[in-house]
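Student: Please pick one part of this protein chain and take me through it closely. Then show me how the rest is arranged around that part.

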Amino acid sequence: MKQVEIFTDGACKGNPGPGGWAALLRMGQHEKELTGAEADTTNNRMEMTAIIQGLSALIEPCKVDLYSDSKYVIDGITKWVEGWKRKGWVTASKKPVRNADLWHELIDVAGRHDIEWHWVRGHNGHEENERVDQLASAEAERIAREG
């Protein structure tokens, strides 16, 4: 099974507002950057989209070390999602789970891979996290200008 590192970030200018996402995929010496934007979104949706797009870009099942500065996504996929499934996609406070559409998509695409989830502190000098942060912010700014 191929070993891949994925570094992801999302950004939003306003929350909600124009947003961007970025993923950096690395296998050995090979790297690929993926980016995108939405005119009206939230930071959490962009964080999730970055991960979904990064994992979706893998054409075969891989062993993945995935790095994100989003506690929301890391905790959601590693701690909360099983409870949400059991409870019919409602939170402990009996409210519908936000971003359920993206959680379903993330569960589906993540299921194809052997993923080790890593939380990294954002804006703390982590080289790859800073790189995807800049890419995601640039996408958010681009879509805001075009909007």
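Tutor: We start with a scale. A residue is buried under 20% relative accessible area, exposed over 50%, and partly exposed in between, using a 1.4 Å probe and protein chains only. Lys71 has 44% relative accessibility, so this residue counts as partly exposed. Lys71 is our part.

Some ground rules come next. This is a predicted model, where local features need pLDDT of at least 70 and side-chain atom pairs count only at pLDDT 80 or more, while totals for chains, interfaces and linings use all residues. Residues are numbered from 1 along each chain as its sequence is written, and side-chain values use heavy atoms, with hydrogens and water left out.

Where is Lys71? It belongs to helix H2. Helices (H or I, at least four residues) and strands (E, at least two) are DSSP runs, numbered from the N terminus. Contact means heavy atoms within 4.5 Å. Setting aside residues up to four places away in sequence, Lys71 touches Gly76 and Trp119. Now look at Glu47. Lys71 and Glu47 are 24 residues apart in sequence, and their C-alpha atoms are 10.0 Å apart in space.

Step back to the whole chain. There are four helices and five strands. Their order along the sequence is β-β-β-α-β-α-α-β-α. The radius of gyration is 15 Å, close to the 15 Å that the globule rule gives for 147 residues, so the chain is as compact as a globular protein of that length. That radius is taken over C-alpha atoms, and the rule is 2.2 Å times the number of residues to the power 0.38. Buried residues make up 47% of the 147 residues. Take the contacts between residues at least 6 apart in sequence: 65% of them join residues at least 24 apart.

Next, the inside. A nonpolar core is a set of buried Ala, Val, Leu, Ile, Met, Phe, Trp, Tyr and Cys residues joined through side-chain atoms within 4.5 Å. The largest one has 31 residues, and Leu55, Trp103, Leu106 and Trp117 touch the most other members. Helix H2 (71–86) is among the elements that give two or more residues to this core. Others on that list include helix H1 (43–56), helix H3 (100–110) and strand E5 (114–119). Follow Trp103. Not counting residues up to four places away in sequence, Trp103 touches Met48, Tyr72, Val73, Gly76, Ile77, Trp84, Trp89, Val97 and Arg98. Gly76 is a link back to our part, as Lys71 also touches Gly76. A second, separate core has eight residues, including Phe7, Leu24, Tyr67 and Val132.

Glu47 leads us to strand E1. Gly10 is found there. At 6% relative accessibility, Gly10 counts as buried. Beyond its near neighbours in sequence (up to four places away), Gly10 touches Gly20, Trp21, Asn43, Met46, Glu47 and Ala136. Thr41 sits in strand E3 (residues 30–41). With a relative accessible area of 3%, Thr41 is buried.

Now some backbone details. Most residues other than glycine have a negative phi, and most peptide bonds are trans. Against that background, the peptide bond from Asn15 to Pro16 is cis, with omega near 15 degrees. Pro16 lies in the loop between E1 and E2. Trp89, one of the contacts of Trp103, has a positive phi near 65 degrees. This tryptophan, Trp89, lies in the loop between H2 and H3. Its relative accessible area is 17%, so Trp89 is buried. His123 also has a positive phi, of about 55 degrees. His123 is in the loop between E5 and helix H4 (127–146). At 60% relative accessible area, His123 is exposed.

Finish in helix H4, with Arg131. Like Lys71, at 44%, Arg131 is partly exposed, at 26% relative accessibility. Arg131 is in contact with Leu24, Arg26, Glu31 and Glu33, leaving aside neighbours within four places in sequence. Arg131 and Leu24 are 107 residues apart in sequence, yet 8.4 Å apart in space, C-alpha to C-alpha.
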